[in-house]
Each structure stands twice: as C-alpha cells, then as structure tokens.
Amino acid sequence: VQLVESGGGLVQAGGSLRLSCAASGSIFRINTMGWYRQAPGKQRDLVARFDSGDVTDYADSVKGRFAISADNAKNTVYLQMNSLKPEDTAIYYCYANVRPSRLLKRDIDYWGQGTQVTVSS
C-alpha cells in the first residue's frame, strides 16, 4: 500500500491550504485514514482522522479551522486548512490503517512520505 500526499507549501498566516492523500495498492478495507504532523524537535501528533467510518477526530488546536473529508471511491482523504497560524508549520503525514487482503487477518499501519507546510507570520 502506498500513500501519496500533495498540496503542501508556503503560505502567510491567515491563509489556506488543501492537502490530499491517495492510497493505492492492495487494499481490502481502510479502517482509519487521516493526518498527523511533526514540527522540528517535537513528536508526531494527530491533526485529524476518520475513525470507524465517518466518525472524525480532530486535535483541539485545529478544531474550527481544519476540515477532513474523503472520497471513498478514490481511497483519498483531504485536509482543508484555513486560518493557518505559524504554529501550524510542520511536516504533515498521511496515515492509514489498512486490511490489505480478505485473507490476511490483521491490519497494517502505513505512512506517507510527508509534505511540508510552512506558515509565515
């Protein structure tokens, strides 16, 4: 399974960006899919994700500013980021927990390569 992210970049504070992540490969079922981020010198933290279908989970710091959405037919998730702040600067990683095959009775975690988001003040 491969996760390919796109949409990062440099934006001024108050601006917007939209990230995309497409999953491809051997996929029987996607259990969870979403976004994490890691700033320099800090741990990787949840930004937003889908849990158990349509249930969403957001970090408190992005509630009301970020929105996660999905195109299930394309195995793609999006992260619309509005009202960006300098503290949102980080590498954003796509994450998916996947059952690759009907025959494989376990789920596997996958990560994308990351996309840089830089918010200038």
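A residue counts as buried when its relative accessible area is under 20%. Tyr95 has 11%, so Tyr95 is buried. That value, like the others here, comes from a predicted model.

**The aromatic cluster**

Tyr36, Tyr95 and Trp111 form one aromatic cluster. The whole structure holds three aromatic pairs. Two of them are set out below.

| Pair | Centre to centre | Angle between planes | Geometry |
|---|---|---|---|
| Tyr36 and Tyr95 | 5.6 Å | 75° | edge-to-face |
| Tyr36 and Trp111 | 5.2 Å | 70° | edge-to-face |

Why is the Tyr36 and Tyr95 pair edge-to-face? Planes over 60 degrees apart fall in that class. The planes of Tyr36 and Tyr95 stand at 75°, so the label applies.

Both pairs link distant parts of the chain. Tyr36 is in strand E4 and Tyr95 in strand E9, 59 residues apart. Trp111 belongs to strand E10, so its pair with Tyr36 ties together parts 75 residues apart in sequence.

Trp111, at 38%, counts as partly exposed.

**Arg44 over two rings**

Arg44 lies over the face of Tyr93, 3.6 Å from the ring centre. The charged end of Arg44 also sits over the ring of Trp111, at 4.6 Å from its centre.

In soluble globular proteins, nonpolar side chains tend to be buried together. Here the largest nonpolar core has 30 residues, and Trp35, Leu79, Met81 and Tyr92 touch the most other members. Strands that give two or more residues to this core include E3 (17–24), E4 (29–38), E5 (45–51) and E8 (76–81). E9 supplies the largest share, five residues.

What does Met81 touch? Leaving out residues up to four places away in sequence, its contacts are Gly15, Ser16, Leu17, Leu19, Arg65, Phe66, Tyr92 and Val117. One of these, Tyr92, is listed with Met81 among the core members that touch the most others.

**A four-stranded sheet**

E1, E3, E8 and E7 form an open sheet in that order, with antiparallel pairing. E1 (2–6) and E7 are the edge strands, and each pairs on one side only. Ignoring direction, neighbouring strands are turned by 15° against each other on average. Six bridges join E7 and E8 in the antiparallel sense. Asp71 has Thr76 of E8 as its bridge partner.

Conventions. Residues are numbered from 1 along each chain as its sequence is written. This is a predicted model: local features need pLDDT of at least 70, side-chain atom pairs count only at pLDDT 80 or more; totals for chains, interfaces and linings use all residues. Side-chain values use heavy atoms; hydrogens and water are left out. A nonpolar core is a set of buried Ala, Val, Leu, Ile, Met, Phe, Trp, Tyr and Cys residues joined through side-chain atoms within 4.5 Å. Buried means under 20% relative accessible area, exposed over 50%, partly exposed in between (1.4 Å probe, protein chains only). Contact means heavy atoms within 4.5 Å. Two strands pair if DSSP finds at least two bridges between them. Axes are lines fitted to C-alpha atoms, for helices over the stretch in contact, and angles run from 0 to 180 degrees between N-to-C directions. Rings of Phe, Tyr and Trp (its six-membered ring) pair if their centres lie within 6.5 Å; planes under 30 degrees apart count as stacked, over 60 as edge-to-face and the rest as tilted. A charge sits over a ring if NZ of Lys or CZ of Arg is within 6 Å of the ring centre and within 35 degrees of the ring normal.
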